[in-house]
Amino acid sequence: PVLVDFWATWCQPCQVLKPILEKLADEYQGKFLLAKVNTDEAQQLAMQYGIRSIPTIKMFYNGEPVDEFMGALPEPEIRAFLDKHIPRESEGLIDQAEALLAQGNAVDALALVKQANQMDPENTRALISYARICATMGNLDEAKTVVNALPAEAGESQEVAALLAQMEFDSIAQGGATIADLQARLEADNNDSEARYQLAAQQMTQGETEAALENLLTLMKLDRDYEDDAARKMMFKIFDTLGDHPLVATYRRKMMSLIY
């Protein structure tokens with residue numbers, strides 16, 4: 001990435017911004033290049049890029065402008081601007097860890113994400129990934145501790161909501177009966193609400209999302225009051241894990257038809 005500072009000698013905000021940009025260029029150690037364009041000396045270039053006020057700072061990637069800001073922003077805001085466009089070394093390790101986790105290799109995934117966290121403690125994605133791996137390995141207490149310590153903005157993200165929901169399914173399923181046992185209980189007694197609820201949680205841990213939703217809908221029909229409307233609450237948690245998946249619209253509509 002190339003950060004281009006469009007400036008002029010007579011511009012006081014430009015003089016305020018100049019040392020901040022130079023400091024950050026040194027600090028980032030080559031992760032971006034800082035270029036300066038004096039708009040008085042390069043008027044045609046300034047016109048080409050639509051510079052109407054200075055300072056204007058443009059970020060270029062592969063020769064094309066991708067972002068910009070105007071004025072002498074405070075240093076923290078400029079850092080945030082840079083971090084949107086400059087890959088963090090820790091991100092590569094987290095991506096590798098997530099790939100290993102998807103392959104079922106939680107042990108090596110955990111080692112990589114710990115390395116990412118040591119390298120970049122401010123990267124909340126490493127903490128979320130660590131919590132996800134802990135939950136996958138059955139260490140739900142550690143996962144909850146990490147999630148509870150996340151900064152407010154990260155803790156309110158859809159990704160964390162999905163993780164918390166999945167952890168709840170895991171917690172319900174831990175130490176419980178197997179799917180086969182629960183299905184046998186329902187065959188013997190279709191009104192066994194506890195078996196149906198636990199079966200839905202077990203199915204979620206196995207990736208059988210639609211089957212879980214169907215069981216929860218059935219539980220709402222047969223025993224709406226079970227554990228203070230637990231079936232409806234679990235359905236909302238499943239929606240958190242699915243994000244924009246088409247199943248959300250389908251089952252939200254089915255659920256609302258039961259409620260109203």
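Which handedness does the crossing of helix 4 and helix 6 have? The crossing of helix 4 and helix 6 is left-handed. Left-handed here means that the near helix is turned anticlockwise from the far one by less than a right angle, and right-handed means clockwise.

Before going on, some ground rules. This is a predicted model, in which local features need pLDDT of at least 70 and side-chain atom pairs count only at pLDDT 80 or more, while totals for chains, interfaces and linings use all residues. Residues are numbered from 1 along each chain as its sequence is written, and side-chain values use heavy atoms, with hydrogens and water left out. Helices (H or I, at least four residues) and strands (E, at least two) are DSSP runs, numbered from the N terminus.

Two packed helices are described by the angle between their axes and the distance between the axes. Axes are lines fitted to C-alpha atoms, for helices over the stretch in contact, and angles run from 0 to 180 degrees between N-to-C directions.

Stay with the pair above. Helix 4 spans residues 89-102, and its axis lies 10 Å from that of helix 6, at an angle of about 20 degrees. Helix 4 and helix 6 are therefore roughly parallel (under 35 degrees; over 145 is roughly antiparallel, 65 to 115 roughly perpendicular, the rest oblique). From helix 4, E91, I94, D95, E98 and L101 make the contact (heavy atoms within 4.5 Å). Helix 6 supplies R125, A126, S129, R132, I133 and T136. By class, this contact of helix 4 with helix 6 has four nonpolar, two polar and five charged residues. Nonpolar covers Ala, Val, Leu, Ile, Met, Phe, Trp, Tyr, Cys and Pro; charged covers Asp, Glu, Lys and Arg; the others, Gly among them, are polar.

Now turn to helix 5. The axes of helix 4 and helix 5 come within 8 Å and cross at roughly 165 degrees. This pair is therefore roughly antiparallel. Helix 4 passes helix 5 in a left-handed crossing. Residues of helix 4 in this contact include L93, A97 and L100, and those of helix 5 include L112, A116 and M119. The contact of helix 4 with helix 5 has eleven nonpolar, three polar and two charged residues.

Helix 5 (residues 106-119) also packs on helix 6 (residues 124-136), at about 155 degrees and with axes 9 Å apart. Helix 5 and helix 6 are therefore roughly antiparallel, and their crossing is left-handed. Among the residues that meet are L110 and V113 of helix 5 and L127 and Y130 of helix 6. The contact of helix 5 with helix 6 has ten nonpolar, two polar and one charged residues.

Next, a strand residue. T56 sits in strand 3, residues 56-61. With a relative accessible area of 2%, T56 is buried (under 20%; exposed is over 50%, partly exposed in between; 1.4 Å probe, protein chains only). The T56 side chain reaches the backbone oxygen of S53 at 2.5 Å. Leaving out residues up to four places away in sequence, T56 touches V4, D5, F6, I51, F69 and M70.

Finally, look at helix 11, residues 193-205, where A195 is placed. A195 is buried, at 0% relative accessibility. Beyond four places in sequence, A195 touches L182, R185 and L186. E194 is in helix 11 too. At 40% relative accessibility, E194 counts as partly exposed. With the same exclusion of residues up to four places away, E194 touches R185 and Y226.

Key: Polar contact = N/O pair within 3.5 Å; in protein donor to acceptor, adjacent residues only side chain to side chain.
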